[in-house]
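Here is a short report on a single protein chain. Look at the sequence and the structure first, then read on.

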Amino acid sequence: MTSGMQSSFRNSGEFMDKTLFQEDLLNWYRLVKRDLPWRQNLDPYRILVSEIMLQQTQVVTVIPYYERFLDWFPTPQALADASEEKLLKAWEGLGYYSRARNLQAAAQLIVENGGFPTTHEGILSLKGVGPYTAGAVGSIAFGLPVPAVDGNVFRVISRICLIFEDIMKAKTRKIFEEVVQALIPNEEAGDFNQALMELGATICNPKSPKCMECPVRRHCQAFKEGLDDQLPVKTKPMKQKRIKLVVGIVENQYGEILFDKRGESGLLPNFYEFRTLEYKGKMEPAAYLKENLKELGKVKDITPIGSFKHVFSHRIWEMEAFTVKLKAISDEVAEGSGIWVTPADLDDISLVTAHLKIWHQINGG
């Protein structure tokens with residue numbers, strides 16, 4: 001959006017009938033909104049849990065995790081009192097585990113303060129809550145007329161208002177928040193924010209927007225100019241680092257599986273994983289794994305499972321996985337060298353998602 005167009009929008013509404021836009025969007029939303037579990041009531045805690053889970057994760061993936069999480073932790077008090085092991089187990093498979101820890105810290109603050117904050121500033125003060133989440137929770141739970149600008153809203157508003165600012169730049173968020181703030185009604189703020197998100201999720205798609213089905217097409221400047229495929233402007237993220245790993249699912253003579261616990265800081269802290277070695281290519285992967293295991297006992301068999309890939313935001317794990325049969329020297333692993341776990345007890349530990357996928361594949365799960 002040029003400065004002139006931006007000023008025109010804010011002051012005179014030259015190209016936008018705000019009231020009509022609100023009516024078109026809200027009427028459509030009331031008719032088509034998806035029946036999602038976090039829309040069943042206006043409990044701010046339940047809404048907060050959903051919004052944190054939906055960061056970096058698709059709706060269809062979140063639903064079963066959300067329902068189980070609230071079954072385990074139905075109140076802020078229950079979450080505040082949970083052990084880290086149970087918390088991580090509840091989050092296992094969702095990734096970005098700092099979200100779970102931040103959510104627990106937020107629950108502890110809610111309990112400490114005697115209840116959920118009801119102001120935008122109070123919600124924003126919770127651990128792990130940024131402008132979008134605070135806007136979403138505040139508008140949906142309490143009707144606060146504050147913007148909630150996520151990726152869907154960036155896309156919708158950039159097209160409707162023809163904004164060519166790069167959405168990857170931090171300063172751009174303020175432009176979009178000001179535009180949404182000018183559009184949001186004092187009444188039905190929660191429905192309005194959800195309607196923008198719903199529009200971006202179901203109609204105003206990134207690559208193939210369904211313009212002819214759009215309820216606000218007559219207000220959309222990008223549609224009128226034929227520029228919808230050029231918006232939003234988004235610079236490419238930095239290149240991800242590729243890390244080659246050798247993974248061993250090591251089973252001893254008692255049918256127990258070897259697991260190592262990751263450190264307390266860094267990537268995936270305190271999660272468990274199969275024996276994992278960074279691979280530099282100086283030996284064959286199987287020989288490299290066998291060499292690493294010799295202190296535990298005699299390797300009887302190594303069988304390749306296959307290649308696996310797990311993508312993080314900043315790195316990619318490229319894994320060569322093997323099953324290993326090993327006759328252990330001792331029933332116990334040396335301190336700091338891992339633990340033996342029976343398959344029946346696997347549900348009691350929090351396994352990194354990348355290895356959980358390998359485990360499910362070799363067990364047909």
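Contact here means heavy atoms within 4.5 Å. The model is predicted.

What does Arg-99 touch, leaving aside its neighbours within four places in sequence? Its contacts are Ile-52, Met-53, Leu-54, Gln-55, Gln-56, Thr-57, Trp-91 and Leu-94. Arg-99 lies in helix α7, residues 98–112. Arg-99 is buried, with a relative accessible area of 6%; the cut-off for buried is under 20%. In sequence, Arg-99 and Phe-312 are 213 residues apart. In space, their C-alpha atoms are 15 Å apart.

Thr-57 is one of the partners of Arg-99. Thr-57 sits in the loop between α3 and α4. Its relative accessible area is 13%, so Thr-57 counts as buried. Not counting residues up to four places away in sequence, Thr-57 touches Val-62, Leu-94 and Arg-99.

## Overall picture

The protein has 15 helices and 7 strands. Its C-alpha atoms fill a box of roughly 80 × 50 × 35 Å along the principal axes. Of the 365 residues, 49% are buried. The accessible surface comes to about 18,500 Å². Carbon and sulfur atoms hold 50% of that surface.

Take the contacts with a separation of 6 or more: 68% of them join residues 24 or more positions apart.

In soluble globular proteins, nonpolar side chains tend to be buried together. The largest nonpolar core here has 97 residues. Phe-69 and Ile-157 have the most contacts inside it. Phe-69 touches Tyr-45, Val-49, Met-53, Leu-79, Leu-87, Ala-90, Trp-91 and Leu-103, not counting residues up to four places away in sequence.

## Aromatic pairs

A pair of aromatic rings is described by the distance of the centres and the angle of the planes. The count comes to 12 aromatic pairs. Trp-38 and Tyr-66 form an edge-to-face pair, 5.2 Å centre to centre with 80° between the planes. Trp-38 lies in the loop between α2 (18–32) and α3 (44–54), and Tyr-66 in helix α4 (residues 59–72), so the pair ties together parts that are 28 residues apart in sequence. Trp-38 is buried at 8% relative accessible area. Tyr-66 is buried at 1%.

Phe-274 and Trp-359 make a tilted pair: 6.0 Å centre to centre, 35° between the planes. Why does this pair tie together parts that are 85 residues apart in sequence? Because Phe-274 lies in the loop between β3 (272–273) and β4 (275–278), while Trp-359 lies in helix α15 (residues 353–362). Both Phe-274 and Trp-359 are buried. Elsewhere, ring pairs link Phe-69, Trp-72, Phe-73 and Trp-91 into a cluster. The charged end of Arg-68 sits over the ring of Trp-72, 5.1 Å from its centre.

How do β1 and β6 run, parallel or antiparallel? They run parallel, joined by 11 bridges. Val-247 has Ala-321 in β6 as its bridge partner. β1 also pairs with β4, in the antiparallel sense, over 4 bridges. There, Val-246 stands opposite Leu-277 in β4.

## Backbone exceptions

Most residues other than glycine have a negative phi, and most peptide bonds are trans. Gln-56 has a positive phi, near 70°. Gln-56 lies in the loop between α3 and α4. Gln-56 counts as exposed, at 63% relative accessibility. Gln-56 is also among the contacts of Arg-99.

Tyr-96 has a positive phi too, about 45°. Tyr-96 lies in the loop between α6 (84–91) and α7. At 36% relative accessibility, Tyr-96 is partly exposed. The peptide bond from Leu-231 to Pro-232 is cis, with omega near 0°. Pro-232 is in the loop between α13 (221–225) and β1.

Technical notes. Residues numbered from 1 in each chain as written. Heavy atoms only, no water. Core = buried A, V, L, I, M, F, W, Y, C linked by side-chain atoms within 4.5 Å. Buried < 20%, exposed > 50% of the residue type's maximum accessible area, 1.4 Å probe, protein only. Phe/Tyr/Trp six-rings, centres within 6.5 Å; stacked < 30°, edge-to-face > 60°. Helix = DSSP H or I, 4+ residues; strand = E, 2+ residues; numbered from the N terminus. Lys NZ or Arg CZ within 6 Å of the ring centre and 35° of its normal. Pairing = 2+ DSSP bridges. Areas by Shrake-Rupley, 256 points an atom, 1.4 Å probe, with all protein chains shown as cover.
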